[in-house]
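Let's explore this protein together, one question at a time. Take a look at the model first, and then we'll work through it.

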Amino acid sequence: MRNLTTQLTQYAEYHRDPSNILTHFIGVPMIVLAVVILLSRPVLLSLVQGELPITPAVLVVLAVCVFYGLLDLRYCVAMALVLAVMLAIGQWCAQQSTGFWIAAGVGLFVVGWVIQFIGHYYEGRKPAFVDDVIGLAIGPLFVLAEMGFSLGLRREVQHAIEERAGPVRRRESGAVS
């Protein structure tokens, strides 16, 4: 299995334009939340007297967290917290009417992908998952890492990525790639 830096670098190679990265800050969380919402409706098993529903969303989140844990414990904990909030939102949406549940999940999914493709227009490259499906799992981690980098966190990871993928390009005002 590829390590954290290799995974993030491969994803970063498709994301060096600041406008594209910005669209990912919006689109990726929308898409992840949409998937969690849509996978929260079918309850496979209920633990603790019906208070803890086990849904496909829970199973996917657990699997993704194991993957993140194998890459980096600190990022895994941060992603687990974000995903736990999304699971709570997904569970709430799943308890609403079918129309609300579908509209929330599909609406977020479609709008999130539109935002993503706008970002990739600015980048001038296709999304990373087209060449490697693991990019679908790395995307949320990339967004978290980029947010951390903007706050001055994990500079060693940022430098390792930039060493391989190059720095985020600086844009001249009004220029579109």
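Q: Which residue forms a salt bridge with Arg154?
A: In this predicted model, a salt bridge requires a side-chain nitrogen of Lys or Arg within 4 Å of a carboxyl oxygen of Asp or Glu. The closest N and O atoms of the pair are 2.9 Å apart. The partner of Arg154 is Asp72.

Q: How many salt bridges does a search of the whole structure find?
A: The search covers the whole structure. Its total is three.

Q: Is H2 roughly parallel or roughly antiparallel to H5?
A: Helix H2 (residues 18–39) and helix H5 (residues 98–123) pack with their axes 7 Å apart, at an angle of about 155°. Angles over 145 degrees count as roughly antiparallel. So H2 is, relative to H5, roughly antiparallel.

Q: Is the crossing of H2 and H5 left-handed or right-handed?
A: The contact of H2 with H5 includes 18 nonpolar residues, ten polar and one charged. As for the way H2 passes H5, the crossing is left-handed.

Q: Which helix gives the largest share of the nonpolar patch?
A: The nonpolar surface patch covers about 520 Å², and Val35, Phe109 and Ile118 are among its residues. Val35 lies in helix H2. Six residues, the largest share, come from H5.

Q: How is H1 oriented relative to H7?
A: The axes of helix H1 (residues 4–12) and H7 come within 9 Å and cross at roughly 50°. Their crossing is right-handed. With that angle, H1 is to H7 oblique.

Definitions and conventions: Residues numbered from 1 in each chain as written. Predicted model: local features only at pLDDT ≥ 70, side-chain atom pairs only at ≥ 80, totals over all residues. Heavy atoms only, no water. Axes fitted to C-alpha atoms, helices over the stretch in contact; angles between N-to-C directions. Helix = DSSP H or I, 4+ residues; strand = E, 2+ residues; numbered from the N terminus. Parallel < 35°, antiparallel > 145°, perpendicular 65-115°, else oblique. Left-handed = near helix turned anticlockwise from the far one by under 90°. Nonpolar A, V, L, I, M, F, W, Y, C, P; charged D, E, K, R; others polar. Patch = residues over 30% accessible without salt bridge, like charges linked within 9 Å, V, L, I, M, F, W, Y side chains within 5 Å. Areas by Shrake-Rupley, 256 points an atom, 1.4 Å probe, with all protein chains shown as cover.
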